[in-house]
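Reader: I'm new to this one. Can you walk me through it?

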Amino acid sequence: MHAGRPNPAQWLWYAYGGGLPPSLSDWVLEDTTRRTWVWRHLARAMVQLAPVLLLCLLVPPVPFDIRLTATLGGVVIGLLFSVAYMTETTEHRAVKAGWPPGTTAARRAERAERERIERQARYRSGGAGSFD
């Protein structure tokens, strides 16, 4: 599926939870269901965390090692929460883009099944290498 891509300002808005124009709804579905959807979700989470982490690293009047430790703790906690709600968040993004609820889960399940069949077919093509 070929879909238009958001420009950098639109992507930043999207990363912070904003909606994209209807013309990019195919891109949103592809973004939330392609093989790298987990990494894309984590990248959006890091973009969301970045301003708070920078403030934590630069503003408090305490030694740098304490600020660094607090920042790393923020990354860990932030990513834990992000991973905990990853499927719900991506589903919400797709629904906000106009797709019916359940579309992302169904699309990922279809891809997983297709990849499973392709993996098995590689070794069983024409019965070669099988004992049945």
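**A first walk through the chain**

Author: Let's start with one residue. Leu24 touches Gly4, Arg5, Pro6 and Gln10, leaving aside residues up to four places away in sequence. Bear in mind that this is a predicted model.

Reader: Which residues make up the largest nonpolar core?

Author: Leu24 is one of them.

Reader: Back up a bit. How many helices and strands are there?

Author: The chain has six helices and zero strands. From the N terminus on, the order reads α-α-α-α-α-α.

Reader: What about helix 2, mostly covered or mostly open?

Author: Mostly covered. Helix 2 spans residues 25-33, and eight of its nine residues are buried.

Reader: Why does Ser25 count as buried?

Author: Its relative accessibility is 16%, and buried means under 20%, so Ser25 qualifies. Ser25 sits in helix 2. Ser25 also touches Ala97 and Trp99, not counting residues up to four places away in sequence.

Reader: New topic. Which residues form the nonpolar patch on the surface?

Author: Val76, Ile77, Leu80, Phe81 and Tyr85. Together they have about 550 Å² of accessible area.

Reader: Take Ile77. Where does it lie?

Author: Ile77 lies in helix 4, residues 64-84.

Reader: And why is Ile77 called partly exposed?

Author: Because its relative accessibility is 46%. That falls between the 20% limit for buried and the 50% limit for exposed.

Reader: On to helix 5. Which of its residues are buried?

Author: Helix 5 covers residues 86-96, and its buried residues are Met86, Thr90, Glu91, Arg93 and Ala94. Viewed down the axis of helix 5, they fall within an arc of 155 degrees, so they line one face of the helix.

Reader: What follows helix 5?

Author: Gly98 does, with a positive phi near 105 degrees.

Reader: Now the whole chain. How much of it is buried?

Author: Buried residues make up 29% of the 132 residues. The accessible surface comes to about 8,800 Å², and 68% of that belongs to carbon and sulfur atoms.

Reader: Last one. What share of the contacts links residues 24 or more positions apart?

Author: Counting contacts with a separation of 6 or more, that share is 56%.

Definitions and conventions:
Residues numbered from 1 in each chain as written. Predicted model: local features only at pLDDT ≥ 70, side-chain atom pairs only at ≥ 80, totals over all residues. Heavy atoms only, no water. Core = buried A, V, L, I, M, F, W, Y, C linked by side-chain atoms within 4.5 Å. Buried < 20%, exposed > 50% of the residue type's maximum accessible area, 1.4 Å probe, protein only. Contact = heavy atoms within 4.5 Å. Helix = DSSP H or I, 4+ residues; strand = E, 2+ residues; numbered from the N terminus. Patch = residues over 30% accessible without salt bridge, like charges linked within 9 Å, V, L, I, M, F, W, Y side chains within 5 Å. Areas by Shrake-Rupley, 256 points an atom, 1.4 Å probe, with all protein chains shown as cover. Salt bridge = Lys/Arg side-chain N within 4 Å of Asp/Glu carboxyl O. Arc of directions from axis to C-beta.
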